[in-house]
Amino acid sequence: MKRHMFALLAALALFCPQGRSEETIPLRRLEKKGYHLAVRRLDDQAWNRETAADPALPRTLAELRAYRRRIATGGVHEECAEDAYGRLYVALGNPRLSDADVGQIEADLDGELPALESSYETPEGHFLLRWTNQSAKTSDNIADPAIVENTGAYLEAAWTKYVAKFAKEPYVPAGKTKIEIVFFDIPGFLGVASPPDGPIQFNSAQWVAKPGIRKPTSSHELFHKLQYAFGYKTNPLAESGKWFSEGTASWAEVFATGSVSKAGKVTDLFDVSDIGLIEKTSYNSLPFWIFFESRLQTVPGYCAMVTFLQKYEATGKLEASLTETIVEDGPAQSVYFSDLDDFFALFARERFRGAWRTTPSGAKLYPVILGPDGKPIDPKGTGLDQYFSLSKGQSASFAESVSALGADHHRVIPSGLTAPAKVVIQVDAAPEASLAYMIVWMKDGKYVKFVYPGGAANDYTYQATVEPGTWVFLIVSGREEGGNYSVTMKVE
Ligand SMILES: [Zn+2]
């Protein structure tokens with residue numbers, strides 16, 4: 001389906017008058033152990049919408065029990081359990097489940113969660129942290145209270161930064177004045193912020209073993225609570241997608257702490273540049289969000305992420321809010337800021353030449369990003385998909401395919417030249433493909449010029465006379481749906 005069709009369907013959904021169910025089901029049995037959370041019971045309309053949006057949503061008590069068991073036993077592996085637990089708690093809101101059914105799931109949860117006998121309130125008062133050192137399952141235990149207190153300080157520091165920048169507080173569960181933090185061994189995950197009306201959960205075993213994850217993961221999970229304050233998971237009509245939810249929460253790790261819990265969040269899009277932004281990325285969309293913030297920082301300190309989230313809060317739309325922010329904040333005359341596809345083509349170029357975190361004034365945002373090992377992560381350029389060294393009279397051809405909002409990079413080096421020669425690059429796009437092309441010249445390791453034929457027809461020919469020592473790169477990015485294409489490169 002075309003990306004724009006998704007946006008259209010979502011826009012239609014927003015105009016349907018569907019009420020939001022306010023009925024919540026508190027899980028009393030878990031409260032006795034120190035976990036406070038409530039499930040939102042959905043009405044029939046809301047339930048139908050959820051099942052349509054998520055084919056993997058468990059629909060019966062048996063499916064729900066099996067799904068919960070899979071999560072609890074490490075059957076789902078992901079860094080942040082936002083999606084997995086989000087699905088579990090949405091499924092618990094199924095209007096066809098009886099109170100006894102919900103009680104059964106609560107009993108299942110209860111059977112595996114340790115009682116949390118210790119607690120600590122941060123001096124600033126936004127967090128109440130609970131943990132245990134008495135669980136029979138020793139990986140639940142935290143012996144050193146300083147680990148918990150430091151986490152409280154990391155959370156408060158992130159809270160202060162978010163409120164100062166976004167002028168909004170992270171979502172605090174209905175009827176509560178603080179966000180509760182609980183620690184236990186969550187197999188396969190570092191942390192969870194879902195459901196909105198529940199605690200932030202951190203993996204005690206990972207917390208004890210890997211000090212480097214505590215600061216970024218605290219900021220990451222708290223940013224999910226800020227997303228909830230902007231309507232994500234709290235407005236049932238608001239769109240979702242991991243490129244947004246995990247991508248911006250990973251961006252927040254860098255924003256709040258200058259570090260990430262996993263280097264791949266920063267390096268994935270450099271190692272493989274053809275990963276469709278909206279359909280395929282998650283945590284690893286982080287460099288795109290840094291580019292988005294950097295490139296639109298027309299005034300020092302301005303953060304386009306704030307504008308984007310405000311638009312999302314008002315409309316519930318993701319891609320449309322992002323596009324609007326780019327169009328409004330970018331220079332009016334520049335083709336790169338006319339829509340998301342053109343902006344992405346610019347990202348493909350800036351990522352390639354290492355300028356993906358440079359602001360219009362030339363400043364570099366987040367010049368140092370640390371990994372969980374405390375070492376700087378510094379991705380350089382992107383891998384090349386095809387490269388050729390061609391003598392005068394030679395040509396090379398190849399076929400490729402690119403994703404929507406993904407990019408391929410190809411290079412031709414005219415070799416053995418003693419005088420200027422003509423380089424010809426010819427692209428034949430498949431009839432249904434929608435592509436954008438960028439030509440980059442380099443000489444003696446320096447960028448000489450860029451050509452961006454914005455609005456070019458799908459087939460494209462570029463020719464130019466180049467000096468000896470010039471390298472010519474073709475960057476192909478996918479618009480709309482991306483697609484197949486073939487390329488011939490010649491030196492004449
Ligand atoms: Zn997350």
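Tutor: Let's start with handedness: a crossing is left-handed if the near helix is turned anticlockwise from the far one by less than a right angle, and right-handed if clockwise. The structure above is a predicted model, where local features need pLDDT of at least 70, side-chain atom pairs count only at pLDDT 80 or more, and totals for chains, interfaces and linings use all residues. Residues are numbered from 1 along each chain as its sequence is written.

Student: Thanks! What is the handedness of the crossing of α4 and α6?

Tutor: Helices (H or I, at least four residues) and strands (E, at least two) are DSSP runs numbered from the N terminus, and here we take α4 (residues 61-72) with α6 (residues 99-112). Their axes, lines fitted to C-alpha atoms over the stretch in contact with angles from 0 to 180 degrees between N-to-C directions, lie 10 Å apart at about 15°. With angles under 35 degrees counted as roughly parallel, over 145 as roughly antiparallel, 65 to 115 as roughly perpendicular and the rest as oblique, α4 and α6 are therefore roughly parallel. The crossing of α4 and α6 is right-handed.

Student: How many charged residues are in the contact of α4 with α6?

Tutor: Contact is defined by C-beta atoms, placed from the backbone, within 7 Å. By that rule L61, L64, R65, R68 and A72 of α4 meet D101, Q104, I105, D108 and E112 of α6. Ala, Val, Leu, Ile, Met, Phe, Trp, Tyr, Cys and Pro count as nonpolar, Asp, Glu, Lys and Arg as charged, and the others, Gly among them, as polar. The contact of α4 with α6 then splits into four nonpolar, one polar and, for charged residues, five.

Student: Is α10 roughly parallel or roughly perpendicular to α13?

Tutor: The axes of α10 (residues 242-257) and α13 (residues 286-295) are 8 Å apart, with an angle of about 70°. That makes the relation of α10 to α13 roughly perpendicular.

Student: How many nonpolar residues does the contact of α10 with α13 have?

Tutor: G247, T248, S250, W251 and V254 in α10 meet L286, W289 and I290 in α13. In this contact of α10 with α13 there are no charged residues, three are polar, and the nonpolar ones number five.

Student: Which residue in β4 does S119 stand opposite?

Tutor: Four bridges join β3 to β4 (residues 127-131), and the two run antiparallel. The residue in β4 opposite S119 is R130.

Student: Where is P195 found?

Tutor: The peptide bond from S194 to P195 is cis, with omega near 0°. P195 sits in the loop between β6 and β7 (200-203).

Student: What is the phi of A167?

Tutor: A167 lies in the loop between α7 (145-166) and β5 (179-184). Although A167 is not a glycine, its phi is positive, at about 55°.

Student: Last one: what distance separates the centres of domain 1 and domain 2?

Tutor: The bounds, from an automatic or database domain assignment, are domain 1 (16-238), domain 2 (266-381) and domain 3 (386-491). Taken over C-alpha atoms, the centres of domain 1 and domain 2 are separated by 29 Å.

Conventions. Contact = placed C-beta atoms within 7 Å. Pairing = 2+ DSSP bridges.
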